[in-house]
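Visitor: Please pick one part of this chain and go through it closely, residue by residue. I would like to know what each side chain there meets.

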Amino acid sequence: QYSPDSVAGADGQIDPTEVTFPGCSCRSSSCVAPQCPCLHRGENYSSLGLMLAEQQEQQPFSRPVFECNSLCSCGEGCQNRLVQRGLQLRLQVFRTQRKGWGVRALEPIPRGRFVCEYAGEVLGFAEAQRRSQAQAPQEPNYILAVREHLHDGRVLETFVDPSRVGNVGRFLNHSCEPNLFMVPVRVDSMVPKLALFAATDIAAGEELSYDYSGRFHNLPGASREHKPLEEENSLRKPCYCGSRTCASFLPWDSSLFSTP
C-alpha cells in the first residue's frame, strides 16, 4: 500500500500523526529565527537544504531539525515547511542489473535539496525485532533502525518498516559512497520523518542511494554495526554498489536479531 507519510504500525505503540508540539504564533507568512519558537528548538533550513555536512566538521553533534506544524499560525508557504510537503521531484523506480529495484532522478537535483522521505509503519522495538527474526534470509529486509545520539548520552530509536505500507523511499539502494544522506526531521511530535537530502549535485538519470549503516555524514562511533565474525559473512547480503570504498557486504546490525 502506497503512503506518502509514515503511519502507525500494527503494534499500535507509536502514532506518527499525533500532534504533541505546540504551534508558533508568528504572524508573518514565513517564520524567521530567533523569534519563531519552532526554529529556536534546533536547526533551520538554508538555501534549499541543510548545512549539516559543514557543521559536523566543526562540532561533534548536529542540532535537531524542527518544522512548523499544523498548529502554527504561519501559512503553508512558510520556509520552515519543507519535508512535510512531501516529494516534489520527478523520480523513477527502475529495475537494476544486480540490485533488484532502484530509484533514479528524472531531473537534476542540486546539493542540499530535499528528495523524499523514507516512510512506512513506525514500530516499537519489540515488533521490529519480531518482524526481523521472522524473515527468511533470502527475503528483502526493509526495516530501518535510526538512532539519534543525544549530547547527554541518551539514544533515541526509531524503527520504520515500509514492507507493507510505504513510499518510493523503500526502493532506494545502499551505496558505500551515496549521493543522499538522511536527517530526522520533526514536525508534529517527537516521532521524526526520515528525510533524505542530496549530498552532492545529482544528474538526471543518476541512481539515488544512501548509506544504510549511518556511517556517511556521521561520527564513526554512531553506528551499532559490528565487525561480523567470518562465519557470519555467509549470512550477509553482498553489496553491489560498485564504489571504490565498497565494504563488499550490506551493513550488518545484529541488535534486532539478538535475544537478551
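This is a predicted model: local features need pLDDT of at least 70, side-chain atom pairs count only at pLDDT 80 or more; totals for chains, interfaces and linings use all residues.

Guide: Leaving out residues up to four places away in sequence, Leu 172 touches Val 103, Cys 116, Leu 180, Leu 196, Leu 208, Tyr 210 and Tyr 212, where contact means heavy atoms within 4.5 Å. Local features here need pLDDT of at least 70 and side-chain atom pairs count only at pLDDT 80 or more, while totals for chains, interfaces and linings use all residues. Residues are numbered from 1 along each chain as its sequence is written, and side-chain values use heavy atoms, with hydrogens and water left out.

Leu 172 is also among the residues with the most contacts inside the largest nonpolar core, which has 21 residues; Leu 91, Ile 109, Val 115, Leu 180 and Leu 208 are the others named. Such a core is a set of buried Ala, Val, Leu, Ile, Met, Phe, Trp, Tyr and Cys residues joined through side-chain atoms within 4.5 Å; buried is under 20% relative accessible area, exposed over 50%, partly exposed in between (1.4 Å probe, protein chains only). At least two core residues come from each of strands E4 (101-105), E5 (114-117), E7 (144-149), E11 (193-198) and E12 (207-210). E11 gives the largest share, three residues. A second, separate core of 11 residues includes Tyr 45, Leu 82, Phe 181 and Ala 199. The chain as a whole has three helices and 12 strands (DSSP runs numbered from the N terminus: helices H or I of at least four residues, strands E of at least two).

Now go to Arg 170, in the loop between strand E8 (155-161) and strand E9 (173-174). Arg 170 is buried yet has no salt bridge, and the nearest side chain of opposite charge, Asp 161, is 7.0 Å away. Here Lys and Arg count as positive, Asp and Glu as negative, and His and the chain ends are not counted; a salt bridge is a side-chain nitrogen of Lys or Arg within 4 Å of a carboxyl oxygen of Asp or Glu. What does the side chain of Arg 170 reach? At 3.2 Å lies the backbone oxygen of Ser 163. Beyond neighbours within four places in sequence, Arg 170 is in contact with Tyr 118, Tyr 142, Pro 162 and Ser 163.

Asp 161 itself lies in strand E8 and is buried, with a relative accessible area of 2%. Among the residues Asp 161 touches are Gly 120, Glu 121, Leu 123, Arg 131 and Tyr 142. The side chains of Asp 161 and Arg 131 are joined by a polar contact of 2.7 Å. Arg 131 is one of the buried residues of helix H3 (residues 125-134), along with Glu 127, Ala 128, Gln 129 and Ser 132. Strand E6 (121-123) and E8 are among what covers them.

Arg 147 is buried at a relative accessible area of 14%, whereas Glu 157, at 36%, is partly exposed. Salt bridges that share partners also join Glu 121, Glu 127, Arg 130, Arg 131 and Asp 161 into one network.

Notes
A polar contact is a pair of N or O atoms within 3.5 Å; within protein, one must be able to donate a hydrogen and the other to accept it, and residues adjacent in sequence count only if both atoms are side-chain atoms.
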